[in-house]
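Work through the exercises below with the sequence and the structure in view. Try each task before reading its solution.

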Amino acid sequence: MTGPRRQRVAAYVVCIDADDRVLLVRLSDVTTHPDWWTLPGGGIEFGEHPEAAAMRELREETGFEGEIRELLSVDSACSPVAIPGEGEVELHRIRVVYRADIVGGELCAEAHGSSNDARWFTREEAARLDLVESARMATKHFWR
């Protein structure tokens, strides 16, 4: 593709509770995959450390406070993506994925953001969801 190019660096967390459920958030209409599910996380702001971004996004999207336990993966992918208001662009996505534990807060969905619901899911329930590819890979490889 020879059109516009964008790069997005984001940080995400895999949170598994004592009942072996994974925490996921549902993407809102302002995203390219509305109603699909993903890991809590999102774009890293300029100057922000990826761990701080992951914890900020966890708090914003789920109401939970977390603590990073370990770095799970860093991946990179390029593909054409239709971005609302811009049309098709070549998007380079760099995703940093951590394992985190919930240490406080109460579950609540983000209002007016890139997600609109947050819930815990068993393996069987998560397998039946429309999951974005990065969330499917992370839950497959990093679920305890």
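The exercises that follow treat a predicted model, taking its sheets, a ring pair and a pocket in turn.

**Exercise 1. In what order do the strands of the four-stranded open sheet lie, and which strands stand at its edges?**

Step 1. The order is β4-β1-β6-β5, and the pairing is mixed.

Step 2. β4 and β5 each have a single partner strand, so one side of each is left without a neighbour and these two stand at the edges.

Step 3. From one strand to the next, the twist averages 20°.

**Exercise 2. Find how each neighbouring pair in this sheet runs, and how many bridges join it.**

Step 1. Begin with β5 (residues 64–83) and β6 (residues 87–105): they run antiparallel and are joined by 18 bridges. Phe64 has Gly105 of β6 as its bridge partner, and Val81 has Val89 of β6.

Step 2. Look at the turn of this hairpin. Three residues lie between the strands, and Gly85 takes a positive phi near 85°.

Step 3. Move to β1 and β6, which run parallel with ten bridges between them. Here Arg5 is bridged to Glu90 in β6.

Step 4. Finish with β1 and β4, an antiparallel pair with three bridges. Tyr12 is found opposite Gly41 of β4.

**Exercise 3. Describe the open sheet of three strands.**

Step 1. Its order is β3-β2-β7, with antiparallel pairing.

Step 2. β3 (37–38) and β7 (115–121) each have a single partner strand, so each is left with one side that has no neighbour in the sheet.

Step 3. β2 (residues 22–27) is joined to β3 by two bridges; Val25 has Thr38 of β3 as its bridge partner.

Step 4. α1 packs on this sheet too, touching β2 and β7, and its direction makes about 70° with that of β2.

**Exercise 4. How is the ring pair of Trp37 and Phe121 classed, and why?**

Step 1. Two aromatic pairs are found in a search of the whole structure.

Step 2. For Trp37 and Phe121, the ring centres are 4.9 Å apart and the planes are at 75°. Planes over 60 degrees apart count as edge-to-face, so this pair is edge-to-face.

Step 3. Place the residues: Trp37 is in strand β3 and Phe121 in strand β7, so the pair ties together parts that are 84 residues apart in sequence.

**Exercise 5. What lines the largest pocket, and which residues lie nearest its centre?**

Step 1. The volume of the largest pocket is about 840 Å³.

Step 2. Its lining has 28 residues, with Arg8, Tyr12, Thr32, Leu91 and Arg93 nearest the centre.

Step 3. At least two lining residues come from each of β1 (5–14), β4 (41–43), α1, β5, β6 and α3 (133–142). β1 gives the most, five residues.

Step 4. By type, the lining divides into eleven nonpolar, ten polar and seven charged residues.

Conventions: Residues numbered from 1 in each chain as written. Predicted model: local features only at pLDDT ≥ 70, side-chain atom pairs only at ≥ 80, totals over all residues. Heavy atoms only, no water. Pairing = 2+ DSSP bridges. 1 Å grid on protein atoms, 1.4 Å probe; cavity = no way out; pocket = protein on both sides within 12 Å on 5 of 7 lines; lining within 4 Å. Points joined across faces, edges and corners; volume = space filled by probe spheres on them. Nonpolar A, V, L, I, M, F, W, Y, C, P; charged D, E, K, R; others polar. Contact = heavy atoms within 4.5 Å. Axes fitted to C-alpha atoms, helices over the stretch in contact; angles between N-to-C directions. Phe/Tyr/Trp six-rings, centres within 6.5 Å; stacked < 30°, edge-to-face > 60°.
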